[in-house]
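Please look through this structure and report on its strands and its metal site. Keep it short and plain.

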Amino acid sequence: MRHAPLLAACLLAGLHAAQAATVQVTVLARDGKPLPDAVVVLEPAAGQPVPAAQPISQTVTQEKMQFDPMLSVVPVGSKIRFANLDRWDHHVKGGTPSLLSAGTTAFEFRLAGRVQGQTPPSSEVTMEKAGPIQLGCHLHGSMRGFVYVAPTPWAAKTSADGTATLPQVPEGAMQLRVWHPDQLVDQASVALQVQPVTTVNVPTLVQPRKARRVQSDSGSTY
Ligand SMILES: [Cu+2]
C-alpha cells in the first residue's frame with residue numbers, strides 16, 4: 001500500500017516523457033506583418049540533453065542567377081550539394097554572415113556552366129557547425145542564399161503566412177530561437193513551456209529586405 005503512490009507517480013512520469021507536442025510559431029516583422037523565411041529553432045532548457053538530429057542530404061541549385069531554395073534549414077552534419085543549372089559558371093562561396101562580409105569563406109569552389117544533356121556540375125559540402133551560413137557567388141554579387149544549420153531536431157522556416165510548425169517536440173521547458181537573413185541584430189531567445197498543443201507569436205525588429213527596397217523606391221519619387 002505504501003508503494004502505490006510512488007508507482008502511480010512513476011507511471012505518470014513515464015507517460016509524460018512519452019508525450020510529443022506540436023509547436024506552432026508565428027513570427028512577425030517590425031511592422032507586425034507575418035515574416036516569411038524566418039528560422040525557428042527549439043533548444044532544450046539549460047542542462048537538458050540535446051538529442052542529435054538525423055543528418056539529411058539536400059540540393060541547392062544555382063539557376064537564373066539565384067540560389068534555390070534561397071534558405072535551407074538542415075540539421076548539423078547534413079550534406080548540401082550545390083548544382084549549377086545555368087549555362088554559365090558560378091563560383092559558390094559560403095561562411096558565417098560576419099565572416100563572409102569580412103571577405104573570409106568557410107568553403108568556395110567554381111562550378112562550370114551546365115552543358116545540355118549532361119549532369120549539372122556540382123559539389124558537396126558537409127555542414128559541421130550549427131548556425132547560419134551565408135552563400136554568395138564571386139562572379140555575381142547579387143546572388144545571395146542561406147543555409148541554417150540547426151543544433152536540434154526541432155527547426156523549420158516560416159512560410160508566406162509567417163508560421164512554422166514543429167512536430168514531435170517533447171513537453172517541458174524549451175528555448176525558442178528565431179533567426180532571419182535580414183536581421184540586423186541577434187534576436188533574444190524566448191523561454192517556452194511546451195504543452196501538447198503550443199502556439200506562440202514572436203514579434204521581431206526584422207524588416208525584410210524586399211519591403212525595405214519597396215520603401216526606398218517609393219521614397220525616391222518624393
Ligand atoms: Cu554566379
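## A parallel pair

Ser-72 stands opposite Val-147 in strand E11. This is a predicted model. Strand E11 covers residues 144-150, and its partner is E5. The two pair in the parallel sense, over five bridges.

Strand E5 spans residues 71-75. E5 is mostly covered: four of its five residues are buried.

## The copper site

Three residues coordinate the copper ion: His-90, Cys-137 and His-140. Both histidines use their ND1 atom, while Cys-137 uses SG. The distances run from 2.0 to 2.1 Å. Along the chain, the donors follow the spacing H-x46-C-x2-H.

How buried are two of these donors? Buried means under 20% relative accessible area. Cys-137 has 4% relative accessibility, so Cys-137 counts as buried. His-140 has a relative accessible area of 16%, so His-140 is buried too.

## An open sheet

Four strands form an open sheet in the order E12-E2-E14-E15. The pairing is antiparallel. Strand E12 (155-157) and strand E15 (190-194) stand at the edges. Each has a single partner strand, so one side of each is left without a neighbour in the sheet. Neighbouring strands of this sheet are turned by 30 degrees against each other on average, direction ignored.

Strand E14 holds residues 172-179 and pairs with E15 in the antiparallel sense. Five bridges join E14 and E15. Within this pair, Ala-173 stands opposite Gln-193 in E15. In a regular strand, side chains alternate between the two faces of the sheet.

Note on methods:
Residues numbered from 1 in each chain as written. Predicted model: local features only at pLDDT ≥ 70, side-chain atom pairs only at ≥ 80, totals over all residues. Heavy atoms only, no water. Pairing = 2+ DSSP bridges. Axes fitted to C-alpha atoms, helices over the stretch in contact; angles between N-to-C directions. Donors = N, O, S within 2.8 Å, 3.2 Å for Na, K, Ca; no water. Buried < 20%, exposed > 50% of the residue type's maximum accessible area, 1.4 Å probe, protein only.
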